[in-house]
Amino acid sequence: MSPTRPERADREAPNAVGAVPTGADTAGADEVEAVMLAARVLIGVAARSVAEFAEEITLPQLRILAMVASRRSLNLDAVARSLGVHPSNATRACDRLVRAGLLSRRDDPVDRRNVMLELSDAGRDLIERIMSHRREAVESIVARMPARHRRALGPAVLSFAAAGGEIPDSEAWSLGWLAEVPEGGELEQAMRKATKALR
């Protein structure tokens with residue numbers, strides 16, 4: 001990629017964000033490039049948040065915490081299947097998180113042969129701090145946008161998310177994102193509205 005390409009994309013991105021759909025069946029190259037550039041920015045936000053907390057947790061460990069946080073609790077077999085690793089590898093990784101005080105273990109009340117994993121208070125606090133770091137980074141970026149483009153951003157991004165459909169949990173966990181969408185509230189209502197508009 002040439003050194004001048006990001007500057008060109010920076011000049012074009014605001015127009016793409018503020019653009020009104022024309023009803024065409026296919027996306028234009030400018031719209032695709034704008035979303036690709038935005039994706040790079042968001043990946044950077046995620047990567048920097050991992051680097052910020054590197055002394056407390058590694059990316060593979062963060063994936064496990066995000067997985068458990070999204071499901072409230074998981075057994076070791078489910079962790080191994082989701083990570084695509086041998087159960088012994090998952091056990092060792094989870095043991096390290098338990099020793100670090102970020103996960104807690106308990107017997108499954110239904111099947112005592114299973115060990116259930118849950119976030120400890122420290123693990124929950126770490127996840128919240130990482131997500132807050134990402135939220136603040138995104139807020140800072142959005143605040144630097146012109147006001148007219150900020151007003152168009154929310155509906156455009158919600159429409160994009162609705163068009164993208166359900167994201168597999170494994171993809172959400174890959175950079176430590178929580179897989180769940182909060183129940184209720186304005187976000188869920190906006191997502192339903194955006195999805196309905198696509199039909």
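Tutor: We go from the overall layout to helix pairs, then to the core. Keep in mind that this is a predicted model.

Student: How many helices and strands are there in the chain?

Tutor: Count nine helices and three strands. Along the sequence they follow the pattern α-α-α-β-α-α-β-β-α-α-α-α.

Student: What share of the residues counts as buried?

Tutor: The chain has 199 residues, and 27% of them count as buried.

Student: How are two packed helices described?

Tutor: Two values are used: the angle between their axes and the distance between the axes. Take helix α2, residues 29-52, and helix α6, residues 121-143. They pack at an angle of about 140°, and their axes are 9 Å apart.

Student: Which residues in α2 and α6 meet?

Tutor: From α2, the residues are Val 41, Leu 42, Val 45, Ala 46, Arg 48, Ser 49, Val 50 and Glu 52. From α6, they are Ile 130, His 133, Arg 134, Ala 137, Val 138 and Ile 141. By type, the contact of α2 with α6 has nine nonpolar, two polar and three charged residues.

Student: At what angle do α4 and α5 pack?

Tutor: At about 110°, with axes 8 Å apart. Angles of 65 to 115 degrees count as roughly perpendicular, and α4 and α5 are therefore described that way. Leu 76, Asp 77, Val 79 and Ala 80 in α4 meet Pro 87, Ala 90, Thr 91 and Cys 94 in α5. The residues of this contact divide into six nonpolar, one polar and one charged.

Student: Now the core. Which residues in the largest nonpolar core touch the most other members?

Tutor: The core holds 26 residues, and those with the most contacts to other members are Ile 57, Ile 64, Leu 65, Val 79 and Leu 103. Two or more residues each come from α3 (59-71), α4 (76-83), α5 (87-99), β3 (115-119) and α6. α3 gives the most, with six residues.

Student: Is Ile 64 buried or exposed?

Tutor: Buried means under 20% relative accessible area. Ile 64 has 2%, so it is buried. Ile 64 lies in helix α3. Beyond its neighbours within four places in sequence, Ile 64 contacts Val 79, Leu 83, Ala 93, Cys 94, Leu 97 and Leu 103. Ile 64 and Ala 93 are 29 residues apart in sequence, yet 8.5 Å apart in space, C-alpha to C-alpha.

Student: What does Val 79 touch?

Tutor: Leave out residues up to four places away in sequence. Val 79 then touches Ile 64, Met 67, Leu 74, Ala 90, Cys 94 and Leu 117.

Definitions and conventions:
Residues numbered from 1 in each chain as written. Predicted model: local features only at pLDDT ≥ 70, side-chain atom pairs only at ≥ 80, totals over all residues. Heavy atoms only, no water. Axes fitted to C-alpha atoms, helices over the stretch in contact; angles between N-to-C directions. Helix = DSSP H or I, 4+ residues; strand = E, 2+ residues; numbered from the N terminus. Contact = heavy atoms within 4.5 Å. Nonpolar A, V, L, I, M, F, W, Y, C, P; charged D, E, K, R; others polar. Core = buried A, V, L, I, M, F, W, Y, C linked by side-chain atoms within 4.5 Å. Buried < 20%, exposed > 50% of the residue type's maximum accessible area, 1.4 Å probe, protein only. Parallel < 35°, antiparallel > 145°, perpendicular 65-115°, else oblique.
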